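Dear colleague,

Please find below the structure that I am handing over to you. My notes on its salt bridges, backbone and helix packing follow it.

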Amino acid sequence: MSYLPYELITKKKLGEAHSADEIRWIVNSYTSGKLPDYQMAAWSMAVWFRGMNDEEISVFTEAMRDSGDKFSFAHLRAPRVDKHSTGGVGDKTSLIVGPIMAAAKVFVPMIAGRALGHTGGTLDKLMSIPGFRIDLEPKEFEAIVEKNYLGMTSQSARVCPADRKLYALRDVTSTVDSLPLICGSIMSKKLTEDLTHLVLDVKFGSGAFMSTMTEALQLATLLKTTGERNGIRVNALITNMNEPLGRYAGNALEVRECYDILCGRTHVVGERDYYAPTRELSLALAGHMLFLVGKATSLEKGIELATLLLSSGAALTAFESLLKYQGPANLDLLPTAKEQADVVSNRSGYVRKIDTRALGLALIGLGAGRRTAGESIDPTAGLEMCCRLGDQVTTGQLLIKIFANSNSTFSEVSAKILSAIEIGPKPPDELLPLIAKVLT
Ligand code: URA
């Protein structure tokens, strides 16, 4: 069956539903190059405005999954679990959660993605570790998961090529934050991993693609339903991205934070441990995964076991083993920035709001993310949070430190960061918890 792209775009623009054949044709033609970028961009924008019904989303997700190779782990005769975040700033938990699960001897085949829009990507973080190999052949990836319990690979040209192309196109055409497109993108990749269980970290807030909790819940429900239709048991945590997670945002800096946490370190300033949110969320996600796959009899016991695997050093050993299998990679050579600067407050008051998306864009300005598909990034670029929502600050107080190999954008970026932090005379009306809701 062949269709006229113009007619299909018009159909979606008018809000009409596609047939399953039409959707499969769009995905397959885009993957093969028959449908050019400009028409796919127009169609994506029509979907952005008009949405898709459940049936369309399901066929779209399956067509993306079927656009390339799929992994096979059924011969392991044991659960395979992954976690996936919908994206945020400083969102680095995969590097802690994966090793905890491997330490519990649970298989985790993780396909990691690059930065998207203002959000960071696990793949870019892993690429900042000298020697770490992320482009594994499918057979090597399967062998590493089997031997090491944990493998982390990039979405190679052969895995979900439709999503790989569309992801890059959405990133530069402002069509990322669309529920059906996000659902298709995330779940198509997860469905190729041959999972039995999945835990989702669905973000809401100023640094998430879904800014309100209601939208995040809608997305979580959609992802969960799509997973369950395909035989995967899914739990979802709805988590707060109204400020960056933990201490650092930026690729090598985030790896450093995860390694410190795996080593049992804290970063206490005054009364506060800046590593606490990253540790807390990682333990919650791992706790859910352990409970889901039956390694713990309750969620509380799952979190207890995750805490033990972290504090005993077992998760650190699992991470070091990953560095050997996918390397040899050497954390001692993790690059550090040549330049750094302080962003200080120009008034006294309370930190009332943080525009976390603006901080994510400031990170791109520092070189930690991409403006156009394929642009190279500075692995050392990033920021360190030295304040949090609700803090009382005084004029001249350090709010955020910035890092990069070149300071050429520092003055512009510092101004953007300063205007992303709202300081006012009263504390914020409400501070939402890190984990706001759970869908089981
Ligand atoms: N993560 C993905 O993999 N895809 C999206 O579209 C958004 C977040």
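R65, D66 and K70 are joined in a network of salt bridges; please note that the model is a predicted one. In total, the structure holds 27 salt bridges.

One of these pairs the side chains of D91 and K203, with a distance of 3.5 Å from N to O. Distant parts of the chain are linked by this pair: D91 belongs to the loop between β1 (81-85) and α5 (94-103), while K203 is in strand β4 (residues 197-204), and 112 residues separate them. K203 also forms a salt bridge with D201, where the closest N and O atoms are 2.9 Å apart. D201 has a relative accessible area of 0% and is therefore buried. K203 counts as buried as well, because its relative accessibility is 1%, and D91 is likewise buried.

A further salt bridge connects E193 and K190, whose closest N and O atoms lie 3.1 Å apart. E193 is at 0% relative accessibility and so counts as buried; K190, with a relative accessible area of 1%, is buried too.

Another lysine to inspect is K12, in helix α1 (residues 5-13). Its relative accessible area is 1%, so K12 is buried. Leaving aside residues up to four places away in sequence, K12 touches A17, H18, W43, A46, V47, R50, G51, M52 and E56.

Turning to the backbone, most residues other than glycine have a negative phi, and most peptide bonds are trans. C160, however, has a positive phi, near 45 degrees. This residue lies in the loop between β3 (150-154) and α8, and C160 is buried, given a relative accessible area of 0%. S174 also has a positive phi, near 55 degrees. S174 is located in the loop between α8 and α9 and is exposed, because its relative accessible area of 55% is over 50%. The peptide bond from G327 to P328 is cis, with omega near 10 degrees; P328 is part of the loop between α14 (314-325) and β9 (339-344).

Finally, the axes of helix α8 (residues 161-171) and helix α9 (residues 179-192) come within 11 Å of each other and cross at roughly 145 degrees. The crossing is left-handed. On the α8 side the contact is made by D163, Y167 and R170, and on the α9 side by L181, I182, S185, S188 and K189. Of these contact residues, three are nonpolar, two polar and three charged.

Yours sincerely

Technical notes
Residues numbered from 1 in each chain as written. Predicted model: local features only at pLDDT ≥ 70, side-chain atom pairs only at ≥ 80, totals over all residues. Heavy atoms only, no water. Helix = DSSP H or I, 4+ residues; strand = E, 2+ residues; numbered from the N terminus. Buried < 20%, exposed > 50% of the residue type's maximum accessible area, 1.4 Å probe, protein only. Contact = heavy atoms within 4.5 Å. Axes fitted to C-alpha atoms, helices over the stretch in contact; angles between N-to-C directions. Left-handed = near helix turned anticlockwise from the far one by under 90°. Nonpolar A, V, L, I, M, F, W, Y, C, P; charged D, E, K, R; others polar. Salt bridge = Lys/Arg side-chain N within 4 Å of Asp/Glu carboxyl O.
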